[in-house]
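Reader: I have a model open on my screen and would like to walk through it with you. Could you take my questions one at a time?

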Amino acid sequence: KKETVEEVVDEIYLHCDYVEPFVPSSASDPSNFFACLYRLFVLRCTEEELQILLDHPDSPFIRVAGFLYVRFGLDPDCFWDY
């Protein structure tokens with residue numbers, strides 16, 4: 001169980017190869033990426049942590065997690081702040 005946003009970012013970096021909601025061979029098993037995204041929602045990213053996700057230089061999957069967090073985890077009035 002990942003306890004910090006940094007640990008979730010490391011998990012995405014090391015183990016995510018796609019951003020599909022489900023494992024490719026399954027229609028019910030969530031992908032590792034979406035499990036990590038859910039964990040980010042549970043941990044409630046700070047503004048600083050979210051900015052790190054959005055600007056991450058090493059992995060497009062981490063940036064996608066940041067964009068999905070903004071889209072589904074924030075109030076729509078806050079979208080354009082990011």
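**Charges, fold and loops**

Author: Gladly, and let us start with charge: the protein carries 6 positive and 16 negative side chains, and the centres of the two sets are 5 Å apart. Here Lys and Arg count as positive and Asp and Glu as negative, while His and the chain ends are not counted. The place of a charge is taken as NZ of Lys, CZ of Arg, CG of Asp or CD of Glu. This is a predicted model, where local features need pLDDT of at least 70, side-chain atom pairs count only at pLDDT 80 or more, and totals for chains, interfaces and linings use all residues. Residues are numbered from 1 along each chain as its sequence is written, and side-chain values use heavy atoms, with hydrogens and water left out.

Reader: What radius of gyration does the protein have, and what would a compact globule have?

Author: The radius is taken over C-alpha atoms, and the globule rule is 2.2 Å times the number of residues to the power 0.38. Along its principal axes the C-alpha trace spans about 40 × 25 × 20 Å. For 82 residues the rule gives a value near 12 Å, and the protein agrees with it at 12 Å.

Reader: What share of the residues of the protein count as buried?

Author: Buried means under 20% relative accessible area, exposed means over 50%, and partly exposed is in between (1.4 Å probe, protein chains only). Of the 82 residues, the buried share is 30%.

Reader: Is S31 buried or exposed?

Author: S31 sits in the loop between α1 (5–15) and α2 (32–43). Contact means heavy atoms within 4.5 Å, and S31 touches Y18, E20, P21, F22 and V23, not counting residues up to four places away in sequence. With a relative accessible area of 1%, S31 is buried.

Reader: Which residue has its backbone oxygen 2.6 Å from a polar atom of the side chain of S31?

Author: A polar contact is a pair of N or O atoms within 3.5 Å; within protein, one must be able to donate a hydrogen and the other to accept it, and residues adjacent in sequence count only if both atoms are side-chain atoms. For the side chain of S31, the backbone oxygen at 2.6 Å belongs to E20.

Reader: The loop between α1 and α2 also holds S26 and S28. How far is a polar atom of the side chain of S26 from the backbone nitrogen of S28?

Author: S26 counts as buried at 19% relative accessibility, whereas S28 is exposed at 56%. The side chain of S26 has a polar atom whose distance from the backbone nitrogen of S28 is 3.0 Å.

Reader: Moving to the loop between α3 and α4, which residue's backbone nitrogen does the side chain of H56 reach?

Author: H56 lies in the loop between α3 (47–54) and α4 (60–73), and at 14% relative accessibility H56 counts as buried. Beyond four places in sequence, H56 touches V9, I62 and R63. At 3.2 Å, its side chain reaches the backbone nitrogen of D58.

Reader: Which residues is D58 in contact with, leaving aside its neighbours within four places in sequence?

Author: D58 is found in the loop between α3 and α4. At 54% relative accessibility, D58 counts as exposed. With those neighbours set aside, the contacts of D58 are Y13 and R63.

Reader: What is the phi of R44, which is not a glycine?

Author: R44 has its place in the loop between α2 and α3. With a relative accessible area of 54%, R44 is exposed. Although R44 is not a glycine, its phi is positive, at about 55°.

How values were computed
Helix = DSSP H or I, 4+ residues; strand = E, 2+ residues; numbered from the N terminus.
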